[in-house]
Every structure is written in structure tokens, then in C-alpha cells.
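Let's take a walk through this model together.

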Amino acid sequence: MTSPAIRDSTVLVTGGAGFIGSHLVGALAPHNEVRVLDNFSTGSREYLPPAPASASVSGSTSASASESPATSSETADSTTVHDNVTVIDGDIGDPMALQRAARGVDLIFHQAALVSVSRSVDAPRRSNETNLDASLLVLEQARQEDARVVVASSAAVYGHPDELPISETASTDPNSPYGIQKLALDQYTRRYAELYDLPTVSLRYFNAYGPRQQGPYSGVISTFLDQARADNPITIDGNGEQTRDFIHVSDIVRANLQAATTDAVGTAYNIGTGERTSIRDLAELVRDAVGSTAPIVHREPRPGDIRHSGADISKARRELEFEAQVSLESGIRSLVQETDRSTTSSQQAAMAAQHEQYSQE
Ligand code: UD2
């Protein structure tokens, strides 16, 4: 399955310099005018697509400086950012920055969030400000611009599932502030279609992984990869029998592109692979892919940890015409190669390769 092309559109990606957002920007940049609104709390300018080898880009226009507070060339090394990408260094909670970033857009991919479940437990009001209050500003701005919105929701909306695989009609009983915030946003997103006739889609990501996922609050795959590379113990919480549905970021990008054109709006879709993998198997997979001899150790189980999570993908397959393509084995293999490349050559070269891959799809 190939994703439908989005061309000659003006698109805002909130959180566009972050893990998932930057991959989306890479896919959109060759044929669209892309605005990135990011406060760079976890994102990086290095994740944004580089200018193509040939100086001019056909089929799209660049944002004019008068429309935006800052262009790519003003805020970053102009050789690192694609001509079609305008970077707005600001917070989604800042109405002025948001207004300027969203002016005249056809489409908004809302990826900005405080993604850490544990941080949301430590500071529920702070995470609510971004994940819900500011997200509501994004929806309101979309309404203002009459723009389609695709929102990043999460499997965290389900809490401890009462069925496996989890379908979109399963009960939603989130067990963290993060999950509560994502559920409220997911509901707002769906209702905006009905109340304001706005084409909206909510995508409930399962466990995302891939290049550029890093930092203290990133997912288990990047943690295990770092540990295996350093030949440090690979730390399994509990007995490792808990399972997750791991989905590669390139598949998440495809799901977003499908959501940007589908007629089946005003609804939420599970974005997973439909396959569950235990954390113990994952530890071995990562260790083997790296060729490491790191020991696998067990710690206390994580408080409140969900035992099993796996997506029923039939609705996404049927209505969104989306199905994941990257197996966990090949996703981990390519992640290991990618990180090998970026440690041996410049980040730029890895970015160019990634960008090239999206351009060809
Ligand atoms: C939740 C959400 C996910 C996403 C993410 C955002 C669910 C099912 N998933 O992911 O959609 O929103 O939060 O942060 O609600 N683990 C270890 N050792 C480590 C690190 C993790 O064993 O060093 C285990 C951890 O205990 C858990 C599993 O790996 O059982 C996955 O953990 P995670 O933090 O990558 O993601 P998870 O499922 O909490």
C-alpha cells in the first residue's frame, strides 16, 4: 500500500522538530509548504530535512518572511533546513505564535505533546496545559482556518484493557494523567467534526519507535538499544512477560498521510501493527541486532504498568486503508544501522538518507 500524495498544500506540523513530527515534515517537505511550530524542548533543528541537493524545489512555494515570525534561514543554519520548511520557534500554548504558524494552512498535524507518562504523574497540571489546554487552542485555530486536523492520540486512552486485541470501541479508562489528557483530546477531536463540520481524525498510536526517539522519557526500544550498545545491563521491569504492539515511525507517518485525505473523518483509529511482543523477547531481539553480550537483568515491575497492549487494526485497515509495513525485526535492524551511520558520519548524512527514502515513496 502506498500513501496518497499530499501536494501543493500549506501544512502545519506542531511538534514538527520532534521524534514523530520531524519524520512527517521530511515526508511532506518535497511537495508542500510546511510550517513547523516547536518549542524545541525535546525536538532539534538537526531533525528537520536538509535542503535538497539542487537549489530549487519544484511544485511548491516557500513561506514569505512577512507571514511568519521567523524563517528557516533566520533561525537555523540555512543549509540544514529544506527551502519549503519554515520554522516557528514557539509554544502551541502561545496564541500569537500559533496564529502566525497556522495562518492560511489547509491541514494541521498536531504532534506536539509532553509524551512522558511518568512526568504526567509527577506534574499533572503542567502536562495538562500542553496536552489538553494548548491542544484545544490548536483545534480552535484549525476551526478558524477551516483546516483539516490530524491529532496524535495514544493507546494510553484505554488504560488496562478489558479485551485483546483492543478495538476502538473498547472501554477507555486511562490510568495516568497523560492517558486522561489524550482521551479528552481524542474526544474533542472527534466532536469537532460533528459540532463544527471540521474534517478531523484522531490516531491512537501504540508503542512508537524509530530514529530520533531519545532522551530520558523515550520508549523501551531506544533505552534497550542504548544499553546494548554500551554493553550495559538491559533492564527489564518485572518478569518481562508484559507485551506491547511496537510500530515503526515510518508506518506512523503513512497513517498520518492517509488520515490527511480520508473521507472517514470524525473518528479515531488504532495505529499499531496488530502484533504483540513481550519485553523479554524484545530485549533479546535488540541485543542480537546490536551483536552485544550485555546481560539481561530484571528490576521491580513499574508501578501501574499495563500488562498487555495490542491493537485491533481492522478499523484502520477497512476505513483508513492503513496497514503497517515494517516488521519489528526489520525495524530494529534498520534502527541499529541508522544509529551506526549517525555515529560514524554526520547527522546530516543520516537525515539526507532518511529524507531520500521518504521522497521516493
Ligand atoms: C505508553 C503508551 C504509549 C505511549 C507512551 C508514551 C500504553 C499501552 N502505551 O507506553 O502509547 O503513549 O506511553 O510514553 O499505554 N520497560 C522495561 N525496561 C525499561 C523501560 C521500559 O522493561 O528500561 C518496560 C515498561 O515497564 C513497559 C514496557 O517496557 O512494560 C514499555 O514501556 P514504555 O515506557 O516504552 O511505554 P509504555 O507502554 O508505558
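Start with Ile-88, which counts as buried because its relative accessibility is 1%; buried means under 20% relative accessible area, exposed over 50% and partly exposed in between, with a 1.4 Å probe and protein chains only. Before going on, keep in mind that this is a predicted model, where local features need pLDDT of at least 70, side-chain atom pairs count only at pLDDT 80 or more, and totals for chains, interfaces and linings use all residues. Residues are numbered from 1 along each chain as its sequence is written, and side-chain values use heavy atoms, with hydrogens and water left out.

Ile-88 sits in strand β3, residues 85-89. Helices (H or I, at least four residues) and strands (E, at least two) are DSSP runs, numbered from the N terminus. Arg-35 is 53 residues away from Ile-88 in sequence, yet their C-alpha atoms are 7.2 Å apart in space.

Strand β1 (residues 10-14) runs parallel to β2, and 5 bridges join the two. Look at Leu-12 and you'll find that its bridge partner in β2 is Arg-35.

Now zoom out to the sheet. It's an open one, with 7 parallel-paired strands in the order β3-β2-β1-β4-β5-β6-β11; two strands pair if DSSP finds at least two bridges between them. The edges are β3 and β11 (267-271), each pairing on one side only. From one strand to the next, the twist averages 20°, based on axes that are lines fitted to C-alpha atoms, with angles running from 0 to 180 degrees between N-to-C directions. Over at the β11 end, 5 bridges join β11 to strand β6 (residues 200-205), again in parallel. Tyr-205 has Ile-271 as its bridge partner in β11.

What about the ligand? There are 24 residues around it, and Thr-235, Asp-237, Arg-244, Arg-302 and Asp-305 come nearest; a residue belongs here if one of its heavy atoms lies within 4 Å. By class, this shell has 12 nonpolar, 7 polar and 5 charged residues. Here Ala, Val, Leu, Ile, Met, Phe, Trp, Tyr, Cys and Pro count as nonpolar, Asp, Glu, Lys and Arg as charged, and the others, Gly among them, as polar.

A polar backbone atom of Val-115 is 3.0 Å from one, a polar side-chain atom of Tyr-178 lies 3.3 Å from one, and a backbone N or O atom of Val-220 comes in at 2.8 Å. On its own the ligand has 760 Å² of accessible area, and the protein covers 88% of that, by the Shrake-Rupley method with a 1.4 Å probe. The elements giving two or more residues to the shell are α7 (220-229) and β8 (234-237).

Finally, some backbone details. Leu-164 and Pro-165 are joined by a cis peptide bond, with omega about -10°, and Pro-165 is in the loop between β5 (148-154) and α6 (177-196). Asp-197 isn't a glycine but has a positive phi of about 60°; you'll find Asp-197 in the loop between α6 and β6. Glu-321, also not a glycine, has a positive phi of about 55° and belongs to the loop between α10 (314-320) and α11 (328-344). Buried or exposed: which is Asp-197? Asp-197 is exposed because its relative accessible area is 65%, and Glu-321 counts as exposed at 53%.

Note on methods: A polar contact is a pair of N or O atoms within 3.5 Å; within protein, one must be able to donate a hydrogen and the other to accept it, and residues adjacent in sequence count only if both atoms are side-chain atoms.
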